[in-house]
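Hi,

Here is the structure I promised to pass on. Please have a look at it first; my notes on what turned up follow below.

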Amino acid sequence: MTGESSASPPSPGRRGLIVFSWLWVGVPLAYGLYELVRKATQLFTG
């Protein structure tokens, strides 16, 4: 075995679902991290 994947690339409709899923999770995560950094900065700088 060479370690290569035999899976075919996702179809366009499936690719859209994958992108939507990553955005569904990534946008709130990014906002939460932004708020965390903002509040931590206020906490430590007074």
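The protein chain exposes about 4600 Å², and 70% of that area comes from carbon and sulfur atoms; accessible areas come from the Shrake-Rupley method with a 1.4 Å probe, and for residues only the protein chains shown count as cover. Of the chain's 46 residues, 2% count as buried (buried is under 20% relative accessible area, exposed is over 50%, and partly exposed lies in between, with a 1.4 Å probe and protein chains only).

Before you go further: this is a predicted model, in which local features need pLDDT of at least 70 and side-chain atom pairs count only at pLDDT 80 or more, while totals for chains, interfaces and linings use all residues. Residues are numbered from 1 along each chain as its sequence is written, and side-chain values use heavy atoms, with hydrogens and water left out.

Now to the fold. The protein chain has 1 helix and 0 strands (both are DSSP runs numbered from the N terminus: H or I of at least four residues for helices, E of at least two for strands). Helix 1 covers residues 12-45, which makes 34 residues, and spans 48 Å from its first C-alpha to its last. That is close to the 50 Å expected at 1.5 Å a residue, where the expected span is 1.5 Å times one less than the number of residues. Helix 1 lies largely in the open, because the number of buried residues among its 34 is 1. After helix 1 comes G46, with a positive phi near 90 degrees.

Next, the aromatic side chains. Searching the whole structure gives 1 aromatic pair (rings of Phe, Tyr and Trp, the last by its six-membered ring, with centres within 6.5 Å; planes under 30 degrees apart are stacked, over 60 edge-to-face, the rest tilted). The partners are F20 and W24, in a tilted arrangement with 5.7 Å centre to centre and 40 degrees between the planes. About one helical turn separates F20 from W24, because they are 4 residues apart in helix 1. W24 is exposed, at 62% relative accessible area.

What about charged side chains? The whole structure holds 1 salt bridge (a side-chain nitrogen of Lys or Arg within 4 Å of a carboxyl oxygen of Asp or Glu). R38 and E35 form this bridge, at 2.9 Å from N to O. Since R38 and E35 are 3 residues apart in helix 1, about one helical turn lies between them. E35 is buried, with a relative accessible area of 17%, whereas R38 is partly exposed at 34%.

Best wishes
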